[in-house]
2 protein chains.
Amino acid sequence: MSWEGSLRDLGEEGLLSMLRKRIPAGRGVLLGPGDDAALLEWGKELLCLTTDMYVEGVHFDLSLLSAEGVGFRCLAGAVSDLAAMGAEPLAVVVGFGAPGGVPASVFGSLLEGILQGSTEWDIPLVGGDLVSAPVLVLGFTALGRAERGRVLLRSRAVPGDLLCVTGPLGGAAAGLALLKAARDGVEGASELASSEKGRAAIRAHARPRPRLGAGRVLAAAGVTAAMDVSDGLGIDAFRMARESGVRVEIASERVPLAPGVREVAALLGLDPLGLALGGGEEYELLFAVAPDRLEEAEEALRRAGEGGLLVVGEVLHGEGAWLRTAEGLADLASFGFEHYRSGRSGGPEES
Amino acid sequence: MSWEGSLRDLGEEGLLSMLRKRIPAGRGVLLGPGDDAALLEWGKELLCLTTDMYVEGVHFDLSLLSAEGVGFRCLAGAVSDLAAMGAEPLAVVVGFGAPGGVPASVFGSLLEGILQGSTEWDIPLVGGDLVSAPVLVLGFTALGRAERGRVLLRSRAVPGDLLCVTGPLGGAAAGLALLKAARDGVEGASELASSEKGRAAIRAHARPRPRLGAGRVLAAAGVTAAMDVSDGLGIDAFRMARESGVRVEIASERVPLAPGVREVAALLGLDPLGLALGGGEEYELLFAVAPDRLEEAEEALRRAGEGGLLVVGEVLHGEGAWLRTAEGLADLASFGFEHYRSGRSGGPEES
């Protein structure tokens with residue numbers, strides 16, 4: 001592989017793979033690029049560092065969600081990367097790019113959303129950068145701390161493990177689809193948007209909840225392999241399989257659908273399973289656990305008020321990530337969002 | 001002040017001032033927004049965190065500088081913020097946004113430039129994010145460590161201090177102006193660009209050197225007030241005066257001109273002093289030191305192979321930053337770059 005063609009030709013995954021080969025191991029670096037966050041050695045502890053960039057028109061649309069909501073959910077994405085490592089937040093910095101003609105009130109609302117998340121997840125906003133840019137761009141970098149021997153890596157799944165998630169999926173994708181449909185005047189969309197189910201889906205999109213508590217509980221309970229579902233269960237399960245050098249299989253009937261997913265799918269003619277597999281950004285954790293530790297992990301989550309867990313599949317020898325349905329096996333890697341590719345996919349038929 | 005009008009109406013300084021009023025003090029945060037970097041308490045040490053965003057067409061132009069050069073100098077800017085605090089680099093993460101049609105080789109060259117800087121300044125690249133964006137956007141976040149009681153803050157200048165810089169100024173601005181002139185076929189520009197003086201100026205632009213060693217030496221020598229000259233000596237001196245609650249005066253005849261500044265200014269009909277006061281991004285340090293510590297600071301810099309220092313002015317009671325010339329006083333705040341304003345200024349007449 002070489003740097004030939006365009007970014008689109010190589011795709012996000014291809015670029016990442018090139019980049020990881022090129023980057024040398026660093027002094028004091030326990031874990032470099034490739035997981036949800038980097039880990040640095042720091043005495044008896046570990047520092048955890050992660051960065052996310054969000055671009056208007058790619059990651060968010062101010063005609064669908066308020067600037068306040070955008071600020072909140074972008075911070076959620078960065079904080080979720082700390083959660084996915086079993087880390088505790090220390091601080092966040094934000095780079096902000098925008099055209100000079102943007103109303104200052106948009107900036108003020110973004111800041112309010114960020115500060116709401118900052119308070120909710122106890123991660124102080126300590127700095128940033130303000131620059132001119134042709135569209136709104138937000139760069140969030142979160143710093144956290146973790147304990148040695150109690151971190152969650154996506155590369156630690158082993159054959160025999162059960163594959164689990166910390167909550168139901170597809171809510172954020174359904175909420176976004178519903179907001180678009182309501183904006184565009186699709187019949188029945190406004191009614192659904194104001195129903196209990198519709199509001200639950202919209203809330204999953206607008207107010208995602210990074211699973212910081214669940215991450216720390218799972219790390220303490222001896223779970224070693226986890227990541228956050230940020231781009232969709234399908235592609236994220238594929239990434240866990242690749243990084244762990246294993247095969248994962250998810251049973252279609254076990255994929256838990258979030259409230260509102262069925263209803264939105266029915267209204268808009270979408271596949272509810274596609275929303276759950278291809279929709280990310282609601283930040284549940286995907287993790288692998290040995291069967292004899294499953295009960296302990298579940299009880300620990302419940303005791304901590306972090307809900308339970310849902311077994312969705314299993315870890316096997318081999319490679320790739322597969323969805324087992326009544327008709328056979330489908331490639332999970334085709335469900336989810338990859339930058340520079342054709343966009344968010346609802347399943348193999350669209351890719 | 002409120003969030004009325006556009007970003008341009010409030011300006012970068014106005015927005016920062018609003019933002020700083022709104023952000024609460026955070027647990028474990030020794031220093032929040034407003035300096036070159038944030039400082040976090042961490043046992044007996046301090047962590048130092050800083051983020052910079054760079055946008056194509058605003059901060060860099062690939063028709064003037066190679067992608068490798070852009071990667072190198074953008075990392076230099078982030079590392080310089082650590083230098084300005086007297087901190088030592090630990091790690092850097094990079095957010096990368098670009099249109100899918102950008103050649104992958106541009107990405108590869110950017111990465112090479114970043115890795116060159118990473119090696120040179122011993123700051124491992126540990127992670128990042130790749131996203132689609134309408135133009136190239138680079139977000140650098142650098143993490144460092146510092147010692148309690150040995151940090152450099154821009155807010156610590158006191159009346160009676162001498163104002164100093166660690167090296168001559170204007171080279172990067174002259175180099176950029178020369179590159180533009182040569183590209184645009186200005187008569188004599190190509191010849192100057194290949195001369196020793198011209199090459200020195202271009203090197204100052206393309207290969208800036210963050211003053212990490214100088215920052216640590218100054219902090220150890222008891223200097224307490226410093227910042228990097230990133231937007232121009234004029235506006236940066238104004239910022240130091242404002243944050244310290246003092247007045248600073250710089251003597252025009254003492255402003256040290258970098259190699260090539262006179263020659264580029266003569267060719268292009270520019271004011272050499274304007275280049276030195278209004279041009280930033282060469283990352284010398286601006287610092288204030290008590291007169292009885294000046295000699296110690298200078299010797300410490302020389303012993304460490306960090307060159308010497310140049311006294312450019314003095315710190316007084318009062319406010320604002322002023323340039324003292326034979327004709328009287330001029331406002332230094334008008335020399336330098338501020339986002340959302342009219343762009344990089346060569347002096348009061350342009351603002």
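Reader: How much area is buried between chain B and chain A, and what share of that area do carbon and sulfur atoms give?

Author: In this predicted model, about 6000 Å² is buried between chain B and chain A, and carbon and sulfur atoms give 71% of that area.

Reader: Which three residues of chain B supply more of its buried area than any other three?

Author: They are Trp42(B), Met53(B) and Leu130(B), which supply 12% of the area that chain B buries against chain A.

Reader: And how many residues does each chain bring to the contact?

Author: Chain A contributes 74 residues, and chain B contributes 74 residues.

Reader: What about salt bridges across the interface of chain B and chain A; how many are there?

Author: The rule finds four salt bridges across that interface. One pair joined by a salt bridge is Arg27(B) with Asp122(A), where the closest N and O atoms are 3.1 Å apart.

Reader: How many residue pairs are in polar contact there?

Author: Across the interface of chain B and chain A, 18 residue pairs are in polar contact, with both residues at pLDDT 80 or more.

Reader: Which elements of chain B each supply at least two residues of the side that touches chain A?

Author: The helices are α1 (7–22) and α3 (104–120), and the strands are β1 (29–31), β2 (38–42), β3 (45–55), β4 (88–98), β5 (125–132) and β6 (137–147). The element that gives the most to this side is β4(B), with nine residues.

Reader: How does that side of chain B divide into nonpolar, polar and charged residues?

Author: The side of chain B that touches chain A has 45 nonpolar, 18 polar and 11 charged residues.

Reader: Turning to the fold of chain B, what is the strand order in its open sheet of six strands?

Author: The order is β1-β2-β3-β6-β4-β5, with mixed pairing. At the edges are β1 and β5 of chain B, each of which pairs on one side only. Neighbouring strands of this sheet are turned by 20° against each other on average, direction ignored.

Reader: How many bridges join β3(B) to β6(B)?

Author: There are 11 bridges, and the two strands run antiparallel. Cys48(B), for instance, stands opposite Gly144(B) in β6(B).

Reader: Which strands does α3(B) touch where it packs on the sheet?

Author: Helix α3(B) touches β4, β5 and β6 of chain B, and its direction makes about 155° with that of β5(B).

Reader: Now chain A: what is the order in its open sheet of seven strands?

Author: That sheet runs β8-β10-β7-β11-β9-β12-β13, with mixed pairing.

Reader: Why is one side of β8 and of β13 left without a neighbour in the sheet?

Author: Both β8 (225–228) and β13 (328–331) of chain A stand at the edges with a single partner strand each, so one side of each has no neighbour in the sheet.

How values were computed
Residues numbered from 1 in each chain as written. Chains lettered and ligands numbered in written order. Predicted model: local features only at pLDDT ≥ 70, side-chain atom pairs only at ≥ 80, totals over all residues. Heavy atoms only, no water. Contact = heavy atoms within 4.5 Å. Buried area = accessible area lost by both parts, 1.4 Å probe. Salt bridge = Lys/Arg side-chain N within 4 Å of Asp/Glu carboxyl O. Polar contact = N/O pair within 3.5 Å; in protein donor to acceptor, adjacent residues only side chain to side chain. Helix = DSSP H or I, 4+ residues; strand = E, 2+ residues; numbered from the N terminus. Nonpolar A, V, L, I, M, F, W, Y, C, P; charged D, E, K, R; others polar. Pairing = 2+ DSSP bridges. Axes fitted to C-alpha atoms, helices over the stretch in contact; angles between N-to-C directions.
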